[in-house]
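Trainee: I have a model open and would like to go through it. Shall we take it piece by piece?

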Amino acid sequence: MIVFTSGTTSLPRAVVHTRASLAAGMSTVSALFDARGDRPVLGGTFFVLVPSLARGAAVALPAGNSRVLARQLRRLRPEDTYLTPPRLRDALGAGARFHGRVWTGSAPAGAGLLERVRAAGAAEAWGVYALTELFPAAAVEAQEKSAFEEAGESGDLVGAPLPGVLAEPDGSGQLLLSGPAARHRYLGEEPDPWVRTGDRARLDGAGRIVLEGRSKDMVLRRAENIYPGLYEPALHVPGVELAVLVGIPAGDGDERLVAVVQPRRGADERALRAALSEPVRRMGTARPDALLLARIPLSGRSRKPDRAATAALAARRLGPAR
């Protein structure tokens, strides 16, 4: 099976899976997901549909409209629900209530979002770290993720590698993954057992994967390399829906670091700025030069934050450096 990675803006990457890698991935999902035949499942992705149908569970495709989706959740009361983080935020904004377990992935999902899902009725809220090249790689439940952030740890905890998954950083800090579910190769390239994720990461004392941001998203300011993924989780204080750090030209070959924060609907902006002051202060040498409250552009079929568009927005709104 050939699948193209999402969000590609340059040379398309065609991921080649074999029957063996697909079977291994489905086995991992089945063990994690454990769908039952007597309860419906709500989700529209391949790795939710196939294991659920194989277990005899009825699968409903999520409605495209958020208000209709909220009614769908209320009517079906699914045992398991899979929605991307943007769809979850939209559903919560429409007053959705959840049941059973809720799973999200394909884009960053902070502890704040997962806890909002639990507060909206879910028994468990899970973030899944998966790639087109290897799915799933790791998973973490809201309470574990919240405890990690409350302990003041930096980075984005995505959980321990799932059974069969090997994870290790290379010499530059990039996360490498391997295992039976890893893709065989990229179309037109030689087979390679290791998937180079493009994510900077470390393994903590418990062997869990902690992401530190995309290597390509690094911001260079005053000769210091700043990786946004290390600091963005700290910006998700109550009232924040989404937050990213981007670099914009400073006019002298350097970059300005800007925190672009999307407030939750109805949030008081003055109170939000006050709540952000302490986590911003704790960033030390990575403290942003500016804080901008704005709606963050999304892109790709996963609707991930579009960092290039966000940087362009920040540059327009803030104007030339003074």
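Trainee: Which residue in strand 13 is the bridge partner of Leu-176?

Mentor: Keep in mind that this is a predicted model. Strand 11 (residues 174-178) and strand 13 (residues 195-203) run antiparallel, joined by 3 bridges. In strand 13, Leu-176 is paired with Arg-196.

Trainee: Which residue in the turn between strand 13 and strand 14 has a positive phi?

Mentor: Strand 13 also pairs with strand 14 (residues 209-214), antiparallel, over 5 bridges. Ala-201 faces Leu-211 in strand 14. The two strands form a hairpin with 5 residues between them. The turn residue with a positive phi, about 80 degrees, is Gly-207.

Trainee: Is helix 1 roughly parallel or roughly perpendicular to helix 2?

Mentor: Helix 1 covers residues 19-33 and helix 2 covers residues 46-54. Their axes come within 9 Å and cross at roughly 75 degrees. Angles of 65 to 115 degrees count as perpendicular here, so helix 1 to helix 2 is roughly perpendicular.

Trainee: Which side chain makes a polar contact with the side chain of Lys-145?

Mentor: Lys-145 lies in helix 6 (residues 142-150). Lys-145 is buried, because its relative accessible area is 3%, under the 20% cut-off. Among the residues Lys-145 touches are Ala-109, Leu-114 and Val-140. The polar contact, at 2.7 Å, is with Asp-156.

How values were computed. Residues are numbered from 1 along each chain as its sequence is written. This is a predicted model: local features need pLDDT of at least 70, side-chain atom pairs count only at pLDDT 80 or more; totals for chains, interfaces and linings use all residues. Side-chain values use heavy atoms; hydrogens and water are left out. Axes are lines fitted to C-alpha atoms, for helices over the stretch in contact, and angles run from 0 to 180 degrees between N-to-C directions. Helices (H or I, at least four residues) and strands (E, at least two) are DSSP runs, numbered from the N terminus. Angles under 35 degrees count as roughly parallel, over 145 as roughly antiparallel, 65 to 115 as roughly perpendicular and the rest as oblique. Two strands pair if DSSP finds at least two bridges between them. Buried means under 20% relative accessible area, exposed over 50%, partly exposed in between (1.4 Å probe, protein chains only). A polar contact is a pair of N or O atoms within 3.5 Å; within protein, one must be able to donate a hydrogen and the other to accept it, and residues adjacent in sequence count only if both atoms are side-chain atoms. Contact means heavy atoms within 4.5 Å. Lists of a residue's contacts leave out its neighbours within four places in sequence.
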